[in-house]
Amino acid sequence: MPALETDLLFPDPAAEARKHKLKRLVQTPNSFFMDVKCQGCLNITTVFSHAQTVVLCGSCAQVLCTPTGGKARLSIGCSFRKKVN
C-alpha cells in the first residue's frame with residue numbers, strides 16, 4: 001500500500017493559504033478589519049479590507065482607500081495593521 005504524499009491532518013500552511021476559503025481544512029474568510037493611519041493628521045481609522053466605498057479620514061477628509069474589484073487599495077503613504085479581534 002503506497003504512502004500518501006501529503007499529511008491530511010497537518011497540511012502545509014502555505015498550501016492551505018492558496019486554497020479557496022471553503023476548501024480549507026478549517027474554513028476561514030479572506031477578509032479582515034485593519035487600522036489605517038492617515039498620513040496627514042496621523043489619525044487612525046478602522047477600515048474593512050474589502051471596502052466597497054471610498055473611505056475618508058474623519059478629521060481631515062483625506063482619501064484613505066479606494067475600492068477595486070476585490071480588496072480596497074490603500075492611498076500612497078497610508079500605513080495599516082490587521083486587527084486581531
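Q: Quick one to start: how many bridges join β1 to strand β6, and which way do the two run?
A: There are 4 bridges joining β1 to β6 (residues 79-82), and the two strands run antiparallel. Two strands are said to pair here if DSSP finds at least two bridges between them, and the strands themselves are DSSP runs of E with at least two residues, just as helices are runs of H or I with at least four residues, all numbered from the N terminus.

Q: Before I go on, what kind of model is this, and which pLDDT limits apply?
A: This is a predicted model, in which local features need pLDDT of at least 70 and side-chain atom pairs count only at pLDDT 80 or more, while totals for chains, interfaces and linings use all residues. Residues are numbered from 1 along each chain as its sequence is written, and side-chain values use heavy atoms, with hydrogens and water left out.

Q: Okay, back to β1: which sheet is it part of, and in what order do the strands come?
A: The order is β2-β1-β6, an open sheet of 3 strands with antiparallel pairing. Its edge strands are β2 and β6, each of which pairs on one side only. Neighbouring strands of this sheet are turned by 30° against each other on average, direction ignored, where the axes are lines fitted to C-alpha atoms (for helices, over the stretch in contact) and angles run from 0 to 180 degrees between N-to-C directions.

Q: And which residues stand opposite Val36?
A: On the β6 side Val36 stands opposite Phe80, and in β2 the residue opposite Val36 is Thr45.

Q: How many bridges join β1 to β2?
A: These two antiparallel strands are joined by 5 bridges. They also form a hairpin with 6 residues between them, and Leu42 in the turn has a positive phi of about 60°.

Q: Is Leu42 buried or exposed?
A: Leu42 counts as exposed, at 58% relative accessibility. The wording follows relative accessible area, with buried under 20%, exposed over 50% and partly exposed in between, using a 1.4 Å probe and protein chains only.

Q: What about Ala61, what is its phi near?
A: Phi of Ala61 is near 60°, again a positive value in a residue other than glycine. Ala61 sits in the loop between β3 (55-56) and β4 (63-66), and with a relative accessible area of 53% this residue is exposed.

Q: Switching to rings: how many aromatic pairs does a search of the whole structure find?
A: The search finds 1 aromatic pair. It consists of Phe33 and Phe48, whose ring centres are 5.1 Å apart and whose planes are at 55°, so the pair is tilted. For that label, rings of Phe, Tyr and Trp (its six-membered ring) must have centres within 6.5 Å, and planes under 30 degrees apart count as stacked, over 60 as edge-to-face and the rest as tilted.

Q: Where do those two Phe residues lie?
A: Phe33 lies in strand β1 and Phe48 in strand β2, so the pair ties together parts that are 15 residues apart in sequence. Phe48 is also the bridge partner of Phe33 in β2. Both are partly exposed: Phe33 has a relative accessible area of 48%, and Phe48 is at 31%.

Q: What lies over the face of Phe32?
A: Lys82 does, at 4.5 Å from the ring centre. A charge sits over a ring if NZ of Lys or CZ of Arg is within 6 Å of the ring centre and within 35 degrees of the ring normal.

Q: And the sheet with β3, what order does it have?
A: It is an open sheet of 3 strands in the order β3-β4-β5, with antiparallel pairing, and its edge strands are β3 and β5 (73-74), each pairing on one side only. β4 and β5 pair over 2 bridges, and Thr66 stands opposite Arg73 in β5.

Q: Which residues is Val54 in contact with?
A: Leaving aside neighbours within four places in sequence, Val54 is in contact with Val63, Cys65 and Pro67, contact meaning heavy atoms within 4.5 Å. Val54 is found in the loop between β2 and β3, and its C-alpha atom is separated by 4.7 Å from that of Thr66, 12 residues apart along the chain.

Q: Last one: where is Glu16, and is it buried or exposed?
A: Glu16 is in helix α1 (residues 13-18) and is buried, with a relative accessible area of 13%. Not counting residues up to four places away in sequence, Glu16 touches Pro11, Arg24 and Leu25.
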